[in-house]
Amino acid sequence: MNYDVVVIGAGPAGMAAAVKLAKLGTSVCVVDEQPAPGGQIWRGVERNATSPVFNALGEDYQKGSFATAAFHAAGIDYQPSAQVWQIEDGWKVFLTAEGKSRCITAKAVLLANGAQERSVPFAGWTLPGVMTVGAAQILLKSGGMLPEGDVWIAGAGPLPLLYATQLLELGGKVAGYIDTSQKPSLKALSHLPAAWRDFPGLMKGLRWIWKLRRSGKLIRGIHNLRATGEGQLCQIEWESKGNTHKRDAGVLLVHEGVVPRIHETMALGCDHDWNDQQKYFAPRTDEWGQTSRKGIFVAGDAGGIGGWKAATVSGEIAGFGIARFLNIGIDAEKLRRDAALDDRRKRATALRPLLDALYAPPQTPIADDVVVCRCEEVSAGRIREAARASAPDVGAVKAATRCGMGPCQGRQCGYSVQALVAEVNNLPVGDVRFFNIRPPLKPVTLGEIATLQDVEL
Amino acid sequence: MFRSVTAGLKEQADMTVYVNGVATPAWDGETVASILLRVPNVGRQTPVSGETRLPYCQMGVCFECLAVVDGVSSVQGCLTPLKNGMRIERQRGRREVGQ
Ligand SMILES: Cc1cc2nc3c(=O)[nH]c(=O)nc-3n(C[C@H](O)[C@H](O)[C@H](O)COP(=O)(O)OP(=O)(O)OC[C@H]3O[C@@H](n4cnc5c(N)ncnc54)[C@H](O)[C@@H]3O)c2cc1C
Ligand code: FES
């Protein structure tokens with residue numbers, strides 16, 4: 001199939017862009033690996049409208065109903081449950097749905113593929129019972145699943161706070177909430193005046209913290225958190241003020257912020273910049289969201305973490321940018337001004353410098369015996385050893401240890417390996433490059449590729 | 001480890017799936033990955049040390065949720081919604097990767 005535009009991701013950014021593009025008369029196809037539109041924030045919003053979890057998920061979640069309704073009404077070709085695993089020049093987009101592969105072509109591609117949680121290895125993080133806060137929240141949005149037993153939350157950032165309040169609202173129980181964020185620095189507080197521009201956002205955060213304090217389960221000032229158990233999480237341990245603490249635990253949910261999903265833009269060879277405060281790479285774009293590769297656009301969290309409001313605005317901007325690129329005779333600058341998109345973006349990102357400064361990624365070195373690459377079970381010690389024996393290059397470490405070669409293709413270990421190579425070589429982290437990402441972006445079975453022969457390329 | 005809020009409200013489950021051959025009630029909206037968390041002994045075994053893993057991210061970026069679904073191995077469980085009658089078994093060994 002041929003389209004003007006293929007949009008990858010039906011979250012706030014992808015939907016906003018697709019709706020704009022369809023209204024401007026272009027042919028749009030939106031591909032998403034989830035079975036329904038909404039992205040991360042609004043996952044399952046249509047199905048949940050009649051579920052008991054709908055109220056507990058809160059106002060921001062409920063707003064997703066309007067966005068998905070507008071999306072369905074816009075006459076967009078929407079392909080759910082379809083995973084994109086390769087993008088080739090000319091733009092050919094290869095995807096798999098229900099075990100069958102297809103190739104669709106387009107003049108422009110918008111990557112609105114969002115973010116993933118930052119993975120921070122610690123002792124015991126591979127034990128069954130340990131998972132991310134985002135994972136638990138997805139379970140809540142997908143099947144109304146609540147964790148049972150001694151449930152611990154350990155992390156920093158808005159998502160664990162939001163999840164904890166959603167859980168408590170639904171009658172779930174939390175044994176304890178370990179806040180791993182550092183004490184707010186003066187630098188963080190200096191961002192407060194700008195944050196007031198997003199007053200409701202700030203109030204929401206304060207309300208979450210207040211609710212948690214009142215529950216008496218907030219623990220702070222800890223280090224060296226670890227999970228223990230034989231083949232299953234049984235206890236968590238940590239150090240605080242010189243003492244070791246141990247608690248029974250059935251579920252441990254961890255979270256240290258989110259980072260853009262960059263495998264797609266990396267594989268396409270787009271230029272990326274290093275965000276040293278948040279320690280992630282993001283594709284470099286112009287003011288319309290176009291990357292260094294002509295016709296490849298990025299919007300939403302995939303281009304740098306900004307939250308759903310900023311994602312919506314950047315989706316609209318990229319929509320106009322793509323229409324401009326397609327040369328369909330519109331005045332994109334005027335449309336952008338009329339919709340006050342730059343003002344809206346300023347407001348939507350007002351809280352971000354405060355959040356980024358408050359929740360800087362943890363910088364604690366990973367202990368040698370901790371598994372860093374979950375797929376190939378490579379420890380930090382082995383990565384350090386390989387890094388000492390080679391040039392400061394993650395590729396050499398990968399070849400020597402197999403880390404990053406498993407099915408997740410470095411999505412979990414990438415930044416940790418980069419940080420370890422930097423540490424061993426005494427280099428700033430941003431000076432070490434990321435894994436070299438090659439297609440397929442997701443492991444594709446030979447059976448899936450075989451189905452491609454049936455289609456015209 | 002997890003239970004559905006709907007489980008207490010509805011008299012009957014929305015569907016039945018077969019986990020390692022055992023009939024298991026399931027709820028609309030659930031994925032294969034959520035079954036792996038609810039039912040013992042279906043978590044994937046790592047090809048390196050053989051230890052058991054359970055879904056970690058639920059959003060397609062860790063591959064800890066691989067399972068054999070209706071006879072097809074290496075299915076990413078968190079991206080696979082449950083269907084009535086689905087058969088789910090434990091994944092052992094490496095995933096076959098296309099070149
Ligand atoms: C686990 C998680 C939970 C979050 N929960 C919240 C929350 O409750 N509240 C909040 O304010 N913010 C939340 N966020 C932050 C969130 O990233 C943004 O607020 C918002 O969802 C960003 O919108 P987006 O359109 O940029 O991307 P997303 O909403 O992430 O949408 C991206 C979409 O792209 C799809 N996709 C990615 N790669 C592919 C591929 N290769 N093929 C096909 N489809 C693909 C994904 O399935 C997804 O639907 C969460 C983030 C994460 C990672
Ligand atoms: S649980 Fe991480 S990929 Fe499915």
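Author: Happy to! In this predicted model, 32 residues surround ligand 1, with A:Ala13, A:Asp32, A:Gln40, A:Gln137 and A:Asp301 the closest; a residue is near a molecule if one of its heavy atoms lies within 4 Å of it. Residues are numbered from 1 along each chain as its sequence is written, and chains are lettered from A and ligands numbered from 1 in the order in which they are written. Local features need pLDDT of at least 70, side-chain atom pairs count only at pLDDT 80 or more, and totals for chains, interfaces and linings use all residues, while side-chain values use heavy atoms, without hydrogens and water.

The shell holds 14 nonpolar, 12 polar and six charged residues (Ala, Val, Leu, Ile, Met, Phe, Trp, Tyr, Cys and Pro count as nonpolar, Asp, Glu, Lys and Arg as charged, the others, Gly among them, as polar). Because the surrounding residues come from chains A and B, the site is shared between chains. Within chain A, domain 1 (2-116 + 259-355) and domain 2 (119-256) both give residues to the shell, so ligand 1 lies between them; the bounds come from an automatic or database domain assignment.

Now for the polar contacts (pairs of N or O atoms within 3.5 Å). A polar side-chain atom of A:Gln34 is 3.0 Å from an oxygen atom of ligand 1, and a polar backbone atom of A:Pro12 is 3.2 Å from an oxygen atom of the ligand. A nitrogen atom of ligand 1 has a backbone N or O atom of A:Val84 at 3.0 Å. Of the 970 Å² of accessible area that ligand 1 has on its own, the protein covers 94% (Shrake-Rupley method, 1.4 Å probe).

Terms used:
Polar contact = N/O pair within 3.5 Å; in protein donor to acceptor, adjacent residues only side chain to side chain.
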